[in-house]
Structure formats: C-alpha cells, structure tokens
Amino acid sequence: MRGLIERVFQLEAHGTTIPTEVVAGITTFLTMAYIVVVNPQIMAQAGIDAGAAFTATCLSAAFGSAMMGIIANYPIAVAPAMGINAYFTFTVVLGMGVPWQQALGAVFVSGVLFLALSLFRVREWLLNSIPMSLKLGMGTGIGLFLALLGLKGMGVVVASPVTLVALGNLAAPPTFIACGGFLLMSGLAARGVPGAILIGIAAATLAGVPFGLVSFSGIVSAPPSLAPTLLQLDIAGVLRLSMTGVIAALFLLVLLDNMGTLIATLYKGGLMREDGSVPRLGRVLIADSGGAIVGSALGTSTLTSYIESAAGIEAGGRTGLTAVVVALMFLACLLFAPLALAVPGYATAPALLVVALAMIGAMGDLPWDDAAEAFPAAATALAVVFTFSIATGIGLGFITYVAVNLIAGRWRRISGAVWVIAIASAVLLAIE
C-alpha cells in the first residue's frame, strides 16, 4: 500500500510523508467542516430537503476532493462554494422565482460548460483577461453579501420600512448567543486554532439548549436519503434565453473563486512555478468541473476549491494525499447527520459573517491611486450587496469598468473578454 501511495502522489519528490499528509488533511477538514452544517441550511431555504442536502454536501465534497487529489495531485479540498450557494438560493430561486430543480440544472449546464472550456483552455484565457481589480471587487461583493445574510440570520440586522435596515434585539437569546459565537470564532481564528468556525458553531448550539432553542434527535444514524434531490435537476428547463444570465453568472463566479483560491493556496505552499503559472492546471480545472457536475446531480450548488486548504498546506500538506484524507473525512461525516441537522440557524449565521470578513479583506489590495481601476471594483462590491444580487452586481461592475475607462481615455486596457461580458450584461439587464 505504501508503494502505491508513493507512486500515485510522489511523496518523496514533494518532500513529505504519509503521516504529514494525514495531519494536513485533518487540519484542512477541521477548518472547512462547517460547510456540512451551513450548506444544507442554505439549500433548505431554496426548498430542498435539508437531510438530502446534507448527504449531497458530504458526498459531493468527498468526490470533488478525491478528484483533486488523485487527478491533479494537489492538497486542495473541494466542496460547495460559500457565496455561490447564497447566489443559488437567494438570487436564483427566491429572487428570480426559478424552481430549485431548474437551478440545479443551471449548475449542471455550467459544469459541462466548465469542462468543455477547460479542455480548450478558454477558462484560462477568460481568467487572464479579467482585470485583477474587478476580481477583487467581485470577491469583496460576495463577502458583503454573505455578511448581510449572516447579520440577518443572527438577528443583529432586521428590516425597517423607514431606514431599510435597523438594529435587532440584541437581548433576545438567539441573537445574544449568535453574537457570542461570532466573537468566539473570531478570537479562535486570531489565535490560529484549526476548526475555529466549527468550534464556534458547536458552542453556540450548546448554549441554546437551556433556552429550548435546540432539539437533538441523536448522534449517529444512517445517512439521510438522497431520494428527494438525486437526479432531480431539470436540464431542459434551463435551456432558454432567460436562464443565460444565471448560467453565465455561475460560470464567472466559479471561475474567479476557483482560480483565486488556487493562486493563493499554491503560492503559499510553494507549488507554483517561478513565472507564476500553475503546473497541471488543466487537471485542476477538470477535477473542479467534474465536481460541479456530480454535485448538481446529487442535489447541491456548485463546488469549488476551498481557501481553507491553506491551513493544511501550512501543516505540511504538499500532495493530493491531503485532499484524499479530506474526502475520507467527509464520508465519515455521513454518519453524524443527526448532529449536523440539529444545529439551529442562529449558530451557523456567525460562520457566514466570519467567512465574509475574510473575503472583504480583498478590498485592501485595490489600486486606490488609479480611479479607473478602483472605482469600478468598489462599485461592483456595492452593487452586489445593495441590489441583493451577485449576478446583477457583477454585470453592473463590468459595465462600469468599460464606461469609466472609455471616458478616461484608457480604452486600450479593456480586454475583449471584458467587452463581451459588459455587453452581455447590459443586454440581460435591459430585457429583465
């Protein structure tokens, strides 16, 4: 077995060992295990059965991580993407009124498109053609979007007919406990504790027991049935003009999210070439695309690489064996469905806020001395949260980028891909 592992993952060539890779895999899993609790709750708000969503989350994360480990041999974990699951539920299903079956169909179609474009390296061209400022603006916008959802779920922010939003009742037990959970997560993260978010969710859940806010039904059980979501995606229903924007938005969001994560994590692990290129990038994109396709068939939103993989790389992970260990941990999670499904919404809402704050930090890297770059990026971020639509915000951001640079006389910096996306966004906004 040791010889087989060495041949597949080339541990010696990467200067690592099996024990190191196992520890790295466990470390990565602990930092991202919150997804098995948070994602089913977000999917449930779209009308998807929470138990089926839990099973789909675990299985899709296990499949995607194993694919990344075996095919691409990178210590990168894959799971349903935070931010994109919010787009799926709050923009596509609840905002646009698209049935969740068709939304899953859009995930499938975008996944097939990812795969096709990955094979012909079009995804690489698109990524390289989009200005870094817009990438940072999109990441920040999704972070702000998640922050609003998190604050609302915590009860800190409530609707107001006068001021649009207002401060909630901080003395209410769910809100008070949620705030404590957020502070605990943030403090542990600042100390570099692996699994800080997961620990905070568990603590907030237990704190709600004396108030009757939690109902436990056991610890271990057979995994919930996938029947409510397995192969329930409606592909035919998304093959129409009105769904083009949804598919395009999913494609763009995953493209940027995935590549940003890869660049950040692989650079941290010293796994990039000196010129900044990524070895075996084609295999990485194929693994990512395959995860999206399988995830939609199982019943969850688009998968992507996780920035939390940096924790495992920091712990010494250098090969795909780390990702395979993460996959095995997700499979083991299937037995603990009662615990995961018992976690209340107020306990997971702080996790959205913590993830959001990490994403918002990208705004600090904007070139603020160049208004033609910084202003469209900032406008993108604000448009995402204030229109309560990731797709609309991104579309407006591209339109703004083109307009500002044209007025500034810098039309040469506008790439062909940016022109295409801006024009397509303008057309879609005009016909909505």
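**Exercise 1.** What should the 18 residues of helix 9 (residues 173–190) span at 1.5 Å a residue, and how far apart are its end C-alpha atoms?

*Solution.* The model is predicted, so local features need pLDDT of at least 70, side-chain atom pairs count only at pLDDT 80 or more, and totals for chains, interfaces and linings use all residues. Residues are numbered from 1 along each chain as its sequence is written, and side-chain values use heavy atoms, with hydrogens and water left out.

Step 1. A helix is a DSSP run of H or I with at least four residues, numbered from the N terminus. Its expected span is 1.5 Å times one less than its number of residues.

Step 2. For helix 9 this rule gives 26 Å, and the end C-alpha atoms are 26 Å apart, so the two values agree.

**Exercise 2.** Determine which residues of helix 9 are buried, and on which side they lie.

*Solution.* Step 1. Buried means under 20% relative accessible area and exposed over 50%, with partly exposed in between (1.4 Å probe, protein chains only). The buried residues of helix 9 are Thr175, Ile177, Ala178, Gly181, Phe182, Met185 and Leu188.

Step 2. They cover an arc of only 165° around the axis, which places them on the same side of helix 9. The arc is taken from the directions between the helix axis and the C-beta atoms.

Step 3. Phe176, Leu183 and Ala190 are exposed on the face turned away from the buried side of helix 9.

**Exercise 3.** Identify what covers the buried residues of helix 9.

*Solution.* Contact means heavy atoms within 4.5 Å. The cover includes helix 8 (132–154), helix 10 (196–207) and helix 16 (345–360).

How values were computed: Helix = DSSP H or I, 4+ residues; strand = E, 2+ residues; numbered from the N terminus.
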